[in-house]
Amino acid sequence: MPVGRLRQDGDKPFGDDLPEQVALVGGQLRLSVNAFAIDDGHEVILIDTGAANAWHPTMGRLPQALDEAGIDAGRIRIVCFTHTHLDHIQGLVLADGRDAFPRLARLLVPREELDLFRTEARLKRFHDMAEPFEAGDRLGTHVDIIGAHGHEVGHSCFRASSGGECILIWGDTVHVPSLQFDRPEVTWEFDTDQDQARESRLRLLALAADDHCFVAGAHLDSPGIGRVARSRGGFRFEAL
Ligand SMILES: [Zn+2]
């Protein structure tokens, strides 16, 4: 991604004034794209699905990643979306057009984004199956949903709690980890509502730091999971 996607005060793109701490690859920002599976030993819930072959050719490796994790795609009966951007939803369908999850029984989509989801022609066969959720809803005994609107109108975070520990699977709360933990006020061009996205990021960072919750981010560098601590007016990320 070009560095100008990062926005400072007043929606102004960064350019020559890009802080030195921002990690660049060939002059560009490198974004990972992650999806996360919650396996409680009984049911596997998949949060987001990646882009399959619908975006950049470096994406679409979810089937291999599930193999590597020892999770049979046939065990995944619940898929939830943090929001409905293409790098989160297109993995429902494999590059060859088959269903990625042959036993899918529930497809949870933020209520505010049902209409957006139903504009995706490639996913037409899932349009009627989409089931709305909202902030405050629970999934089983271990997962609750926290609203984190701003990046998109229904953008949401899934909190899994077990054995006294918790993890926030927070979607697109941070796009550029080398900058946005330290300076959470920095926004992203594709945040639909920049002010609300900033407010949600600050709220989730504080929640993760103060409740000692792990975080799992769709665009955090591999492994995409770590802890958050408060630091000099901002926050610090410690990868797992
Ligand atoms: Zn994304």
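Cys-213 is buried, with a relative accessible area of 1%; buried means under 20% relative accessible area, exposed over 50%, and partly exposed in between, using a 1.4 Å probe and protein chains only. Keep in mind that this is a predicted model, where local features need pLDDT of at least 70, side-chain atom pairs count only at pLDDT 80 or more, and totals for chains, interfaces and linings use all residues. Residues are numbered from 1 along each chain as its sequence is written, and side-chain values use heavy atoms, with hydrogens and water left out.

**The cysteines**

Which residue is the disulfide partner of Cys-213? It is Cys-166, and the two sulfur atoms lie 1.9 Å apart; a disulfide here is a pair of cysteine sulfur atoms within 2.5 Å. The search of the whole structure finds one such link. The angle about the S-S bond is -125°, making the link left-handed. Distant parts of the chain are joined in this way: Cys-166 sits in strand E11 (residues 165-169), Cys-213 in the loop between H5 and E13, and 47 residues separate them. Helices (H or I, at least four residues) and strands (E, at least two) are DSSP runs, numbered from the N terminus.

Two other cysteines are in no disulfide. For Cys-80, the nearest cysteine sulfur belongs to Cys-157, 12 Å away. For Cys-157, the nearest is that of Cys-213, at 8.4 Å.

| Residue | Relative accessible area | Class |
|---|---|---|
| Cys-80 | 0% | buried |
| Cys-157 | 0% | buried |
| Cys-166 | 13% | buried |
| Cys-213 | 1% | buried |

**The sheet**

Now look at the open sheet of five strands, ordered E3-E4-E5-E6-E7 with mixed pairing. Two strands pair if DSSP finds at least two bridges between them. Strand E3 (36-39) and strand E7 (130-133) are the edges, each pairing on one side only. Inside the sheet, E4 and E5 run in the parallel sense over four bridges, and Ile-47 stands opposite Cys-80 in E5.

Val-109 belongs to strand E6 and is buried, because its relative accessibility is 0%. Leaving out residues up to four places away in sequence, Val-109 touches several others, including Phe-81, Leu-114 and Phe-133; contact means heavy atoms within 4.5 Å.

**The nonpolar cores**

In soluble globular proteins, nonpolar side chains tend to be buried together. The largest nonpolar core in this model has 22 residues, and Val-79, Leu-92, Phe-101 and Phe-117 have the most contacts inside it. Such a core is a set of buried Ala, Val, Leu, Ile, Met, Phe, Trp, Tyr and Cys residues joined through side-chain atoms within 4.5 Å. A second, separate core of 18 residues includes Cys-157, Leu-205, Leu-220 and Val-228.

**Backbone details**

Most residues other than glycine have a negative phi, and most peptide bonds are trans. Asp-48 has a positive phi near 70°, and that of His-212 is near 50°. Are these residues buried or exposed? Asp-48 counts as buried at 3% relative accessibility, whereas His-212 is exposed at 59%. Finally, a cis peptide bond joins Ser-222 and Pro-223, with omega about 10°. Pro-223 lies in the loop between strand E13 (214-216) and strand E14 (225-231).
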